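Subject: Handover of a structure

Hello,

Here is the structure I said I would pass on. My notes on what was found in it come after it.

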Amino acid sequence: MLWLIRFSGFCSAAMLLILLSPSLQSFHPAEAIRSNHLDRFSFRQASIFRNADQCVSSNRTSVCDPSLVHVAITLDLQYLRGSIAAVHSILQHSQCPGNIFFHFLLTQTNLESLVRSTFPELKFKVYYFHPEIVENLISSSVRQALEQPLNYARNYLPDLLESCVHRVIYLDSDLVVVDDIEKLWTTSLGGSTIGAPEYCHANFTKYFTAAFWSDRRFSAAFAGRRPCYFNTGVMVIDLVKWRRVGYTRRIERWMEIQKVRRIYELGSLPPFLLVFAGHVAPIEHRWNQHGLGGDNVRGSCRDLHAGPVSLLHWSGSGKPWLRLDSKRPCPLDALWAPYDLYGHTQ
């Protein structure tokens with residue numbers, strides 16, 4: 001099995017370097033891929049959130065400021081309303097909102113001006129993620145949304161973000177944070193590269209096909225590990241260790257195998273499980289009350305898991321903004337609504 005993970009072609013690596021190089025700088029509006037679809041969106045300006053007196057504040061806006069909390073979120077037209085609500089929720093519940101730096105990943109259009117007008121004092125930077133990096137690696141999934149290139153941008157965070165950024169919180173666009181994000185930021189990862197809430201009671205075998213489990217070359221990837229399911233929509237990532245070990249290439253290699261052997265069905269999650277499951281620093285379940293969007297087909301209503309809540313996550317096919325607009329919301333969608341800054345559709 002080791003040869004499958006370690007193999008890396010020179011041509012593939014060279015192409016990746018070429019594609020990623022422009023992404024290491026912020027994406028200027030004049031360089032953006034323009035789209036008239038942005039005219040459909042109008043967001044109200046959020047309140048100005050100030051640091052509490054006890055915060056260690058810095059007047060510097062440099063991304064390399066060591067006092068910053070780094071949060072990465074994707075921005076695209078389909079989930080834009082959710083991303084804006086997620087940012088709003090983080091700022092509203094933070095004691096030190098001025099110490100949070102947001103890294104926005106995008107593929108479609110320049111959204112910098114929209115973010116700036118909605119959050120005038122937000123510290124942020126936008127990064128263009130080239131779809132060509134993953135287009136030939138993506139396999140069909142149970143839901144079309146899981147096949148979008150931007151869904152795989154999290155795999156490349158260590159390459160996209162500046163080398164001075166040593167840790168980042170990655171968050172999906174369909175969630176709201178109802179606690180101080182700094183509590184999640186300061187989570188100890190021990191010797192692990194990523195931290196996330198784990199769900200060891202889940203049936204781990206269902207995330208892979210019979211072809212995977214029947215082939216010892218593949219299933220041996222979990223030998224010596226006690227793998228548990230974790231949701232990749234909420235992760236704390238040690239970027240220094242990721243870069244040093246080269247986990248992006250390991251994820252890509254599993255995606256290449258998937259194209260030939262069909263070893264899983266569910267988008268970007270299984271490669272993460274293959275590389276990290278059993279080596280994840282456990283984070284309290286309160287930081288990912290996931291599954292509120294129902295399953296990947298029907299998007300039915302669900303209840304909260306037992307226990308305290310710091311983050312509500314509408315993973316699954318049902319999104320709260322769509323259900324609210326259709327006048328057929330689930331009960332828990334009302335918990336998302338207060339963070340919605342959406343104005344109107346033209």
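**The nonpolar cores**

In the largest nonpolar core, which has 52 residues, the members that touch the most others are Leu157, Phe208, Phe230, Ile237, Trp254 and Phe276. A nonpolar core here is a set of buried Ala, Val, Leu, Ile, Met, Phe, Trp, Tyr and Cys residues joined through side-chain atoms within 4.5 Å. Buried means under 20% relative accessible area, exposed means over 50%, and partly exposed is in between (1.4 Å probe, protein chains only). Helix α11, residues 269-276, gives the most to this core, with six residues. Helices (H or I, at least four residues) and strands (E, at least two) are DSSP runs numbered from the N terminus.

Beyond its neighbours within four places in sequence, Phe208 is in contact (heavy atoms within 4.5 Å) with Trp213, Phe222, Ile263, Tyr264, Pro270, Leu273 and Leu274. Another core lies apart from this one; it has 42 residues, including Phe41, Phe43, Leu111 and Leu171.

**What kind of model this is**

The model is predicted: local features need pLDDT of at least 70, side-chain atom pairs count only at pLDDT 80 or more, and totals for chains, interfaces and linings use all residues. Residues are numbered from 1 along each chain as its sequence is written, and side-chain values use heavy atoms, with hydrogens and water left out. pLDDT is the predictor's confidence in each residue, from 0 to 100. The protein averages 87, and 85% of the residues score at least 70. Over residues 1-36 pLDDT stays under 50; the model has 59 contacts beyond four places in sequence for that stretch.

**The sheet**

Seven strands form an open sheet in the order β3-β2-β1-β4-β9-β6-β10, with mixed pairing. Two strands count as paired if DSSP finds at least two bridges between them. At the edges are β3 (123-128) and β10 (281-282), each pairing on one side only. Strands β6 (194-196) and β9 (234-238) pair in the antiparallel sense over two bridges, and Gly195 has Val236 in β9 as its bridge partner.

Helix α3 (80-93) lies across β1 (69-75), β2 (100-106) and β4 (167-171), and runs at about 160° to β1. That angle is taken between N-to-C directions on a scale from 0 to 180 degrees, with axes fitted to C-alpha atoms, for helices over the stretch in contact.

His103 sits in strand β2. His103 counts as buried because its relative accessibility is 0%. Among the residues that His103 touches, beyond four places in sequence, are His70, Lys125, Tyr127 and Glu162.

**The disulfides**

The whole structure has four disulfides, each a pair of cysteine sulfur atoms within 2.5 Å. Counting bonded cysteines along the chain, the pattern is 1-3, 2-4, 5-6, 7-8.

- Cys55 and Cys96 have their sulfur atoms 2.0 Å apart. Cys55 is in the loop between α2 (10-20) and β1 and Cys96 in the loop between α3 and β2, so the pair ties together parts 41 residues apart in sequence.
- Cys64 is joined to Cys164, S to S 2.0 Å. The torsion about their S-S bond is about -80°, so this disulfide is left-handed.
- Cys200 is joined to Cys228, S to S 1.9 Å. With 100° about the S-S bond, their link is right-handed. Cys200 counts as exposed at 52% relative accessibility, whereas Cys228 counts as buried at 10%.

Regards
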